[in-house]
Amino acid sequence: MTPEQLWTEYKTLNPAIGDEINAWAFGVEPDQLADLVLRGEKTATASAYDLYKLENEPLPQAGSFDVILDSQDRAVCIVEITKVSVLPFNEVSADHAFKEGEGDKSLTYWQQVHQELFTEWLAEVGLEFSQESGVVLEEFHKVYPL
């Protein structure tokens, strides 16, 4: 299903969502992570704040809706963003790591995986990762399909 088709279906239930579709896939393991969202096990994600700044991209906003895509750009589900915050990497909580729903859901696992990712992604644009690097933390819940 295309993002437009899924959006149109959901719009019959929630006309207030408007016409602007924000669709994206997770940067690593998009199929597995989209499936975790679909099942309700993944209710949060994190990204490198410096990449938003570098690309002059606005941060996600609470109350907005996103289409989650798989690796083939097929629409999997729609989520509503409920909370967005920016914290230094070393201040991300075990609660947030658990909400991300990956691995064993521990903070140790989250830190290991995300430090590797953020180091790689920042290096690609000439930036350096540190424990104080900003992290955009998003919380969301699946709203469609029900």
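## Reading the model

Helices (H or I, at least four residues) and strands (E, at least two) are DSSP runs, numbered from the N terminus. This is a predicted model, in which local features need pLDDT of at least 70, side-chain atom pairs count only at pLDDT 80 or more, and totals for chains, interfaces and linings use all residues. Residues are numbered from 1 along each chain as its sequence is written, and side-chain values use heavy atoms, with hydrogens and water left out.

## F26, a buried loop residue

F26 sits in the loop between β1 (23-24) and α2. Is F26 buried or exposed? Its relative accessibility is 6%, so F26 counts as buried (buried is under 20% relative accessible area, exposed over 50%, partly exposed in between, with a 1.4 Å probe and protein chains only).

F26 is in contact with L33, A34, V37, K42, T45, I68 and F140, leaving aside neighbours within four places in sequence. Contact means heavy atoms within 4.5 Å. F26 and S71 are 45 residues apart along the chain, yet 8.5 Å separates their C-alpha atoms.

## The largest pocket

Rolling a probe the size of a water molecule over the atoms shows where empty space is left. A pocket is found on a 1 Å grid over the protein atoms alone: it is an open set of points where a 1.4 Å probe fits, with protein on both sides within 12 Å along at least five of seven lines. Lining residues have an atom within 4 Å of a point. Points are joined across faces, edges and corners, and the volume is the space filled by probe spheres set on them.

The largest pocket holds about 970 Å³ of space. Its lining has 41 residues, and W24, A25, S47, Y52 and E138 are the closest to its centre. Two or more lining residues come from each of α2 (30-38), β2 (44-48), α3 (49-54), β3 (65-69) and α5 (107-124). The largest share, 7 residues, is from α5.

By class, the lining has 23 nonpolar, 9 polar and 9 charged residues. Ala, Val, Leu, Ile, Met, Phe, Trp, Tyr, Cys and Pro count as nonpolar; Asp, Glu, Lys and Arg count as charged; the others, Gly among them, are polar.

## The nonpolar core

In soluble globular proteins, nonpolar side chains tend to be buried together. A nonpolar core is a set of buried Ala, Val, Leu, Ile, Met, Phe, Trp, Tyr and Cys residues joined through side-chain atoms within 4.5 Å.

The largest core here has 13 residues; A46, F89, W110, F118 and V135 have the most contacts inside it. At least two core residues come from each of β2, α5 and β5. The most, 4 residues, come from α5. Beyond its neighbours within four places in sequence, F118 is in contact with A46, S47, A48, F89, F129 and V135.

## E139, a buried charged residue

E139 belongs to strand β5 (residues 134-144). Its relative accessibility is 17%, so E139 counts as buried. The side chains of E139 and K99 are joined by a polar contact of 3.1 Å (a pair of N or O atoms within 3.5 Å; within protein, one must be able to donate a hydrogen and the other to accept it, and residues adjacent in sequence count only if both atoms are side-chain atoms).

## Backbone exceptions

Most residues other than glycine have a negative phi, and most peptide bonds are trans. N56, in the loop between α3 and β3, has a positive phi near 50 degrees. D73, in the loop between β3 and β4 (75-88), has a positive phi near 60 degrees. The peptide bond from Y144 to P145 is cis, with omega near 0 degrees.
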